[in-house]
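Subject: Structure for you to look at

Hi,

Here is the structure we talked about. Please open it next to this note.

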Amino acid sequence: MSPLNRRDFMKTSMGAAAAFAAFPQGRSLGANEKVVIGVMGLGGRGTYLAQKFAERPETEIAYLCDPNTRRFARARNAVEEEQDRRPAMVQDFRRIIDDKNVDVLINATPDHWHGMGTIAACQAGKDVYVEKPLSHNIWEGRKMVEAARKYKRVVQVGMQSRSAPYVHKAKEYIKSGKLGDVYLVRVYNMMQHPKQADTPDGPVPTGFDYDLWCGPAAKLPYNPSRRWLNQWEYSCGPIAGDAVHQFDLARFLTDDIPYPNAVSQTGAIYSLRDGRDAPDTQMATFEYDGLTMMMEATLWTPYMKKITAGIRDSDQFPNWPFCSTKVEVLGTQGFMYFGRHGGGWEAYDGDGELVHSEYGRQADKEHQDNFMECVRTRKKPTSDVEIGHLSVLPFHIANISYRVGNQKLEFDAATESFTNCEDANKYLKRAYRTGWAIPENV
Amino acid sequence: MTRERSLHRLLFCVGLVATCCGSGYARWLEIRDVKVRQEPTELGGPKIVIEYDLEAGDLSAAKPAYVFLRYSKDFGETWQLLAPDYLQGNGFGMVERPGHKEVVWWGLGQTGVVDLGQVEVQVRGVAMARIPAGDFAMKSLPGAGRDESKKGRPSSDLPLYYMARYETTIGMYTDYLNEVGGEGAGWNRRMSRTDRCGIVQNSDHTYGVAEGREDYPVTYVSWYDAMAFLRWCGLRLPTEPEWEKALRGGFYLDGDKAKGQANPMPERIFPWGDEAPDANGVYRCNFDGDGDGFEYTAPVGSFGAFASPYGVEDLAGNVAEWTLDWYTTSYHVGLDGFRLVRGGSWMAVPEACDAVTGATQFPLKESSIMGFRGVKGPQP
């Protein structure tokens, strides 16, 4: 394939929606035929997903893609140990999109590539497993939903705790009324992150197509110490990127409450003063109909611990006061501690006595199973794209509040925009680099 | 009978195992004719004297042998490392010259034995390179081994240490398994693949090396396997700075104290300099593809002409090497996280075989592209 310049990319992939509307909706697979997968993004998560799907008897990995060739070997080795087929190693994800024999795209890139990769795949008749957070910004998330619906694609978001049985039991417990009426849910994401080292910008390493890596985002000077996760250009921030798991669970436990009406937020960078964009401290209150959700997030609290591997898949609970990824559900008659990552849950009555508890297990495999089942049956997956959109949307609002000076923002669900701050509306959609754009009509 | 006479009666030599297995430095060094005897002492209990011949040709202060001894007092049932604190003589630790060596084992605690016939001693040597104390051009951003947020950038001014000149081989690792492996600790089924490793578990839980595979680097070893083997030797994994300095060389190759030999290329990209691994059709290390002559791993030392300034070989390519350091990521802070792996491998693109590229791996990961080498140095 000759390398496409950015203008050609728009014409042949993203812009020519009409042509793709007539494109066949994926291959018809024979009963014993494997589902063929391309993986874009070969960081830790992408490599893990590539290995897990390579292990499955009904799938095979045809492509492993990353603009940085230094990431090839680890992922290729992980896949080749599990399947006979040797994957093609490519830097440009368009090789995956253009290959009619590829059925599924796994998108494990940084946030700024989630939208374009997923939409292009949907247009090309492929189903998608895209990592959380679904989108870089609110508008892009909505476009991803539209693309999935228009091209009738299965799009699963990597919020795997939703597939865990213990989570469903917690929801049933709450629905049964044992906590009474739930009016408040507190979501925590408190941990210790490292400071970025202070090093000068440097040359792009050989073998790394940095221009392609930046893609739709601005091409900031290359700096090996700068983590994409901490920059608005490439991410919705480390808090959103991680907390979306437990916030999604909070929404699930409260019957998938859709849109907040207003968000109050206060954010700052107190401790990790290293040139990052995203705050290291963020407290937000999300006003829903009949329910308030709160988020407490910090990145400088070493005593707050993620649930350890030993607890996640065993019959143990975390130390709740120091659990960095917990959810607290407060009802008129009872209280629940809930842990992400297989942390289980414990319910207390009006006197503060423990009355029920359930251990948890992680659900990565169940989530992947669910995706593959939906690829076959064409049903909506557990963490469907729209669920992903509504779970990250509150964080986008909180981040926008931070960027307009910690202002309270009122949100209109119908237009997915702000009603009380025009400055905030400028952040609904990102600025695209010339030649890279997602069209209004996907 | 006087006590002296009875002690003298205990003196006898036990002709013992020649511990080395083959030629060259690719595996254990050539150690022959190990003899053990017990002698009385005037003041304390008896001492045990171990003699052997070290037949490695080009030993020097810059390229010594690291010699370690393991002993058993119960006919080879259980073994322990002989701690250097109790040893005297010229035949243990860093040994700079070949020839006849003597180690005296005597000190606090019981060293004498009633029946020397119960005692077995294994003497093994690893080819090392000396890396003098001093600063170097550290380009990468190591995980620092600990929480980055607490310690900041690690120092590039390292004390003296020694690094194994070769990656740990299948022959060496199999030797270790035959002492400790038993029913499978340190071995996994993938190791029996002869194209990518070649260690076979026999039905009696002993281990054998597939034909011709002794000199290849051991693979499918987890970080824990690597640590256990090196602890068995009295070594440890290198930190990331130690690994990188061994590749680049310090600003002064004879160290910051002497400052007599400036490093002509302190910021070199590869051990040999800046030329690409396949520049001008010359293959300088084992990376992806078989243009370098190897589809998978290569026997250690196959690219001897392209060693680092200290004579450490195969830092670029062949197998990626576990280091001691782990990596704090946004998602894994507080957990037993990824370990850092350096040096590219037979599956890597040429660029990834450079001084600074690293990858992260779960410590339990067993892979055909990962191996390790040991270091003798101060506690990091």
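How many helices and strands are there in chain A? Chain A has 14 helices and 16 strands. Both are DSSP runs numbered from the N terminus: helices are H or I with at least four residues, strands E with at least two. The radius of gyration of chain A, taken over C-alpha atoms, is 21 Å; the globule rule gives 22 Å for 442 residues, so chain A is as compact as a globular protein of that length. That rule is 2.2 Å times the number of residues to the power 0.38.

This is a predicted model: local features need pLDDT of at least 70, side-chain atom pairs need 80 or more, and totals for chains, interfaces and linings use all residues. Residues are numbered from 1 along each chain as its sequence is written, with chains lettered from A and ligands numbered from 1 in the order in which they are written.

More on chain A. Its C-alpha atoms fill a box of roughly 70 × 50 × 40 Å along the principal axes. Of its 442 residues, 51% count as buried (20 or more other C-beta atoms within 10 Å of their own, C-beta atoms being placed from the backbone).

Now chain B. The domain assignment, automatic or from a database, gives domain 1 (3–128) and domain 2 (132–380). Their contact takes 15 residues from domain 1 and 20 residues from domain 2 (contact: C-beta atoms, placed from the backbone, within 7 Å). On the domain 1 side, strands S4 (65–72) and S9 (120–131) of chain B each supply at least two residues. S9(B) gives the largest share, three residues.

Best wishes

Note on methods. Buried ≥ 20, exposed ≤ 12 C-beta atoms within 10 Å, placed from the backbone. Contact = placed C-beta atoms within 7 Å.
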